[in-house]
Amino acid sequence: MSQAHTQSADADIIASAIAQDPDSLLALVFQSLDDDQAQEIVTIPLEGKSSIADYMIIASGRSTRQVSAMAQKLSERIKHSGHPSPRIEGLPAADWVLVDAGDIIIHLFRPEVRSFYNLERMWAFDGPSGAA
């Protein structure tokens, strides 16, 4: 077996391990949101509450332009890290954008829209212990 083929197989194994690790995805999401200056980042563990995902992350952007840019950059970073390409809903208006990354659901809001829907209360967010 050639060295190039071995390196390719090793890269596939590493990418597969990354894609199956929700903690690495969670760290990537936090880093991306931090890099893009997201505000009021909240993490809600969904274990025991829902089977749709392991975590829900809620964050705000200052404008529709920032919310849209955060969602698009987050999607690209997730895809380039070896995870499956996430699905994005709500980009045209960008008041509330949902990024479905499989094990993690990310909600990005403009502040007014976030306070209106108040997902933290709906999912019984308990306070600072779940905040990032």
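This report describes the fold, one loop glycine and the salt bridges of a predicted model.

## Overall make-up

The protein chain is built from five helices and five strands, and from the N terminus on these elements follow one another in the order α-α-β-β-α-β-β-β-α-α. Of its 132 residues, 35% count as buried, and the accessible surface comes to about 7,700 Å², with 53% of that area belonging to carbon and sulfur atoms.

When the contacts with a separation of 6 or more are taken together, residues 24 or more positions apart account for 57% of them.

## The sheet

The five strands form an open sheet with mixed pairing, and their order across the sheet is β1-β2-β5-β4-β3. The edge positions are taken by β1, which covers residues 39-45, and by β3, which covers residues 87-89, and each of these strands pairs on one side only. From one strand to the next, the twist averages 15°.

Within this sheet, strand β2 (residues 55-60) runs parallel to strand β5 (residues 104-109), and the two are joined over six bridges. One pair of bridge partners is serine 60 together with phenylalanine 109, the latter lying in β5.

## Helices across the sheet

Helix α2, formed by residues 22-35, lies across β1, β2 and β5, and its direction is at about 0° to that of β2. Helix α3, formed by residues 64-80, lies across β2, β3, β4 (96-100) and β5, and runs at about 160° to β5.

## Glycine 102 in its loop

Glycine 102 is placed in the loop between β4 and β5.

Once its neighbours within four places in sequence are left aside, glycine 102 is in contact with Ile52 and Ala53. The C-alpha atom of glycine 102 is also separated by 9.6 Å from that of tyrosine 55, a residue 47 positions away along the chain.

## Salt bridges and their surroundings

Side chains of opposite charge can pair when their charged atoms come close. In this model the count comes to six salt bridges. One of them joins the side chains of glutamate 89 and arginine 87, with 3.3 Å from N to O. Here glutamate 89 counts as partly exposed at 44% relative accessibility, whereas arginine 87 is classed as exposed because its relative accessible area is 55%, and the cut-off for that class is over 50%.

Another salt bridge links glutamate 112 with arginine 110, where the closest N and O atoms are 2.4 Å apart. Glutamate 112 is partly exposed, with a relative accessible area of 49%, and arginine 110, at 21%, likewise counts as partly exposed. A further salt bridge is made by the side chains of arginine 114 and glutamate 120, which meet at 2.4 Å from N to O, and in this pair both arginine 114 and glutamate 120 are buried. Salt bridges that share partners also join Asp36, Lys73 and Arg77 into one network.

How values were computed. Residues numbered from 1 in each chain as written. Predicted model: local features only at pLDDT ≥ 70, side-chain atom pairs only at ≥ 80, totals over all residues. Heavy atoms only, no water. Pairing = 2+ DSSP bridges. Helix = DSSP H or I, 4+ residues; strand = E, 2+ residues; numbered from the N terminus. Axes fitted to C-alpha atoms, helices over the stretch in contact; angles between N-to-C directions. Contact = heavy atoms within 4.5 Å. Salt bridge = Lys/Arg side-chain N within 4 Å of Asp/Glu carboxyl O. Buried < 20%, exposed > 50% of the residue type's maximum accessible area, 1.4 Å probe, protein only. Areas by Shrake-Rupley, 256 points an atom, 1.4 Å probe, with all protein chains shown as cover.
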